[in-house]
Amino acid sequence: METQLTQDITNNLFTINNLWMMLATALVFIMHLGFASLEAGLTQSKNTINILFKNSVIPAIGLLTYTIIGFNLMYPGESYAGAFFGFAGLGISASPDDLTSTYNIGYTYWTDFLFQGMFAATAATIVSGAVAERIKLSSFLIFATIFVGLVYPIVGMWKWGGGFLDTLGFYDFAGSSLVHSVGGWGALTGVIFLGPRAGKYVKGRIQPIPGHSIPLAVIGVFLLWLGWFGFNGGSVLSADPGLVSLVFVTTSLAASAGAIGAMSASWSFLKKPDLTMTLNGILAGLVGITAGADLMSPMESIIIGFIAGVIVVFAVIIFDKIKLDDPVGALSVHLVCGIFGTLAVGIWGDKAGLNQLWYQAVGVFAVAIFVAPFTAGLWFVLKRTMGIRVSEEEEWGGLDVGEHAMEAYPDFEKVS
Amino acid sequence: MRKIESIIRPHKLEELQTALQEAGFNGLTVSEVRGYGRQKGHKEIYRGSEYNLIFVPKVKIEIVCASGACEQAVSIILDICKTGEIGDGKIFISPIEDAIRIRTGESGKDAL
């Protein structure tokens, strides 16, 4: 009788946990629409089809590569504990036990796979925004496939798959480093190999290229904020009431403080409150809290979010000054604030301390020395073989007509 | 016949159209244009970088009328579109050799 009751309680808990994890998966899914809207909004109307095309295909590539190799590269099993690399074979399949609480009290094998799979494409989407408006579609798709199929799961394994960073004591709750910095490094090397957009620097001066739809960018950022409840909230890996609700609070407070941080910084230093900077500030706060969303008090999450919001404004300006042309601010948001958020775990919250700060720094460094050279090599090979940049003529005319022979707004008057 | 082309402030268009219609000018062509004269553009800031919006958005109207009616049209435009500030626009007047209504083939003043 009593064992039956225990069994029922366990089953109910398992069902509730799994339900939350599937909902979180769906929330992470909607982030891809957020990225698509944000990137389309912050770029020119003549490149809209191209941006949306990349953002439509990347989640598809991400899910498929994650099915074939990614999931088993990232979670190769306990026999690879402490390792740099592991692989548990091709494809996904579940035994009957994998679909009960024996697999995990939080989720079934399928939920586990899909939740992690939804994350995978995010790293490549980050690159998409930074290299927008000039990259050749075919080369980008090859890059994206290798990036989400190999680079992302290999790095993810180091921590989430039980690899050497996990053994060391490195902490990254939902991926300030493992998702955002990974994407950020790939974006940085891409921007370096590509060079700035035509017309961005005229006689050494910065010529701003305003995005064509700020309302679309706002929609994108709010979708991303919504999706982040799943990104961080799901990373609890169960429906633990205390933890999930704390994570919701820290996530929202960091996003809010990020907005205020970026608003204050742009208003004080750039004369006007810049909306696109404030949008970047919201994302900066979200990326900043991601590594320690379950460790921070409300006050600490506000401090982290605010600092990230201020940092992002100056990062955007500095990247612009050193001629690393990033139309959407992906480097500032994901790379810079990803690193900041990772280090923040050693400075604030339950794990704060010099030892932890050192582990965090090692994690940042490990991601950098693997992803940056690897992606640089990949861009180099692509540049030498098929080329990574469209012709200047195509760039002026827009990638929509050049790459797709389509227009996003065929019945609109051309402005430039 | 005369053609009156006038560059005006966009928000004056509706009032001007009503006044011209009431005065018996039964036809007007409008285009959205950009340009500059004494009124230079203004500065905008995007993500921390300032840039000049050199070409100011304006509306251009075109009216073709009998030579005798030209003065009246000009005075209506002056009356409505003048604010006294830089950026009110300009009026250009030129002679028109002929006009033809495509539907009927009528020409000259009958076509207006």
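# Reading helices and strands in a two-chain model

Guide: Helix α2 (residues 70-81) of chain B lies across β1, β5 (56-65) and β6 of chain B, at about 5 degrees to β1(B). Helices (H or I, at least four residues) and strands (E, at least two) are DSSP runs numbered from the N terminus. Axes are lines fitted to C-alpha atoms, for helices over the stretch in contact, with angles from 0 to 180 degrees between N-to-C directions. The model is predicted: local features need pLDDT of at least 70 and side-chain atom pairs count only at pLDDT 80 or more, while totals for chains, interfaces and linings use all residues. Residues are numbered from 1 along each chain as its sequence is written, and chains are lettered from A and ligands numbered from 1 in the order in which they are written.

Visitor: What order do the strands of the four-stranded open sheet have?

Guide: Strands of a sheet pair through backbone hydrogen bonds, either parallel or antiparallel. In chain B the order is β2-β5-β1-β6, and the pairing is antiparallel; two strands pair if DSSP finds at least two bridges between them. At the edges stand β2 (29-35) and β6 (89-95) of chain B, each of which pairs on one side only. On average, neighbouring strands here are turned by 20 degrees against each other, direction ignored.

Visitor: How many bridges link β1(B) to β6(B)?

Guide: Seven bridges, in the antiparallel sense, link strand β1 (residues 2-8) of chain B to β6(B).

Visitor: Which strands of chain B form a hairpin with two residues between them?

Guide: Those are β3(B) and β4(B), and B:Arg47 in the turn has a positive phi of about 50 degrees. The two strands run antiparallel and are joined by five bridges, and B:Tyr46 stands opposite B:Ser49 in β4(B).

Visitor: Which elements of chain B give two or more residues to the side that touches chain A?

Guide: First the count: six residues of chain B are in contact with 13 residues of chain A, contact being C-beta atoms, placed from the backbone, within 7 Å. The elements asked about are β3 (42-46) and β4 (49-53) of chain B. That side of chain B has three nonpolar, two polar and one charged residues. Ala, Val, Leu, Ile, Met, Phe, Trp, Tyr, Cys and Pro count as nonpolar, Asp, Glu, Lys and Arg as charged, and the others, Gly among them, as polar.

Visitor: What scores come with the model?

Guide: The model has ipTM 0.76 and pTM 0.91. Chain B has a mean pLDDT of 93, with 100% of its residues at 70 or more; pLDDT is the predictor's confidence in each residue, from 0 to 100.

Visitor: How do α1(A) and α3(A) cross?

Guide: Two packed helices are described by the angle between their axes and the distance between the axes. For helix α1 (residues 2-41) and helix α3 (residues 109-130) of chain A, the axes come within 9 Å and cross at roughly 15 degrees. That makes α1(A) roughly parallel to α3(A). Angles under 35 degrees count as roughly parallel, over 145 as roughly antiparallel, 65 to 115 as roughly perpendicular and the rest as oblique. The crossing is left-handed, meaning that the near helix is turned anticlockwise from the far one by less than a right angle; clockwise is right-handed. Their contact comprises twelve nonpolar, eight polar and one charged residues.

Visitor: Are α10(A) and α11(A) parallel or oblique to each other?

Guide: The axes of helix α10 (residues 298-321) and helix α11 (residues 330-347) of chain A cross at roughly 140 degrees and come within 9 Å. The two helices are therefore oblique to each other, and their crossing is right-handed. Their contact has 13 nonpolar, two polar and no charged residues.

Visitor: What is the handedness of the crossing of α9(A) and α11(A)?

Guide: That crossing is right-handed. The axes of helix α9 (residues 275-290) of chain A and α11(A) come within 7 Å and cross at roughly 35 degrees. The residues in this contact are eight nonpolar, seven polar and no charged.
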